[in-house]
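Subject: Structure handover

Hi,

Here is the structure I said I'd pass on to you. Have a look at it, then read my notes below.

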Amino acid sequence: MKIQGRMFFWLSIFVLVMAVVYGVWSKEPAGTTALFLAFGLCIMIGFYLGFTARRVDAGAQDDKEADVADGAGELGFFSPHSWQPLSLAVGGALAFLGIAVGWWLLYFSAPLIAVGLFGWVFEYYRGENRTQ
């Protein structure tokens with residue numbers, strides 16, 4: 001993770017330089033703002049990866065002498081199946097459709113989003129997945 005953190009820090013420096021050059025050269029506020037926001041996103045991701053790399057064991061990607069096989073194995077736990085993203089997607093689609101059609105549609109989308117979010121957070125606290 002150290003390598004990825006450094007890559008994002010260097011990318012953020014590049015994006016910052018390009019944002020300044022673009023802003024001075026074009027004097028166009030929308031693109032300049034977008035580049036400065038991209039700089040902020042790169043800094044946040046790089047900080048997170050660097051912060052996390054100090055707290056976890058070094059991975060195979062951090063070792064210069066590592067082989068491809070050294071990175072094999074279990075990487076973590078991933079949910080095998082879940083219906084909650086479907087509820088969130090339908091609720092989100094209705095919410096965004098409510099902006100175009102009418103705000104009254106948010107009354108139908110908010111409960112779908114709440115049920116999907118609540119179900120996703122507490123998915124492994126009850127039911128068949130409780131023991132995982």
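Val115 sits in helix α4 (residues 106-121); helices here are DSSP runs of H or I, at least four residues, and strands are runs of E, at least two, numbered from the N terminus. Val115 is exposed, as its relative accessible area is 55% (exposed means over 50%, buried under 20%, partly exposed in between, with a 1.4 Å probe and protein chains only). Between the C-alpha atoms of Val115 and Gly71 there are 38 Å, and the two are 44 residues apart along the chain.

Before you go on: this is a predicted model, where local features need pLDDT of at least 70 and side-chain atom pairs count only at pLDDT 80 or more, while totals for chains, interfaces and linings use all residues. Residues are numbered from 1 along each chain as its sequence is written, and side-chain values use heavy atoms, with hydrogens and water left out.

Now the loop between α2 (29-53) and α3 (84-101): Glu65 is found there. Glu65 is exposed too, with a relative accessible area of 69%.

On to the record. The unreviewed UniProt entry annotates residues 7-25, 31-51 and 86-104 as "transmembrane region"; such annotations may be inferred rather than shown by experiment. In the model, residues 7-25 are 100% helix and 0% strand, with end C-alpha atoms 27 Å apart. For residues 86-104, the figures are 84% helix and 0% strand, and the end C-alpha atoms are 22 Å apart. Phe14 belongs to helix α1 (residues 2-26).

Cheers
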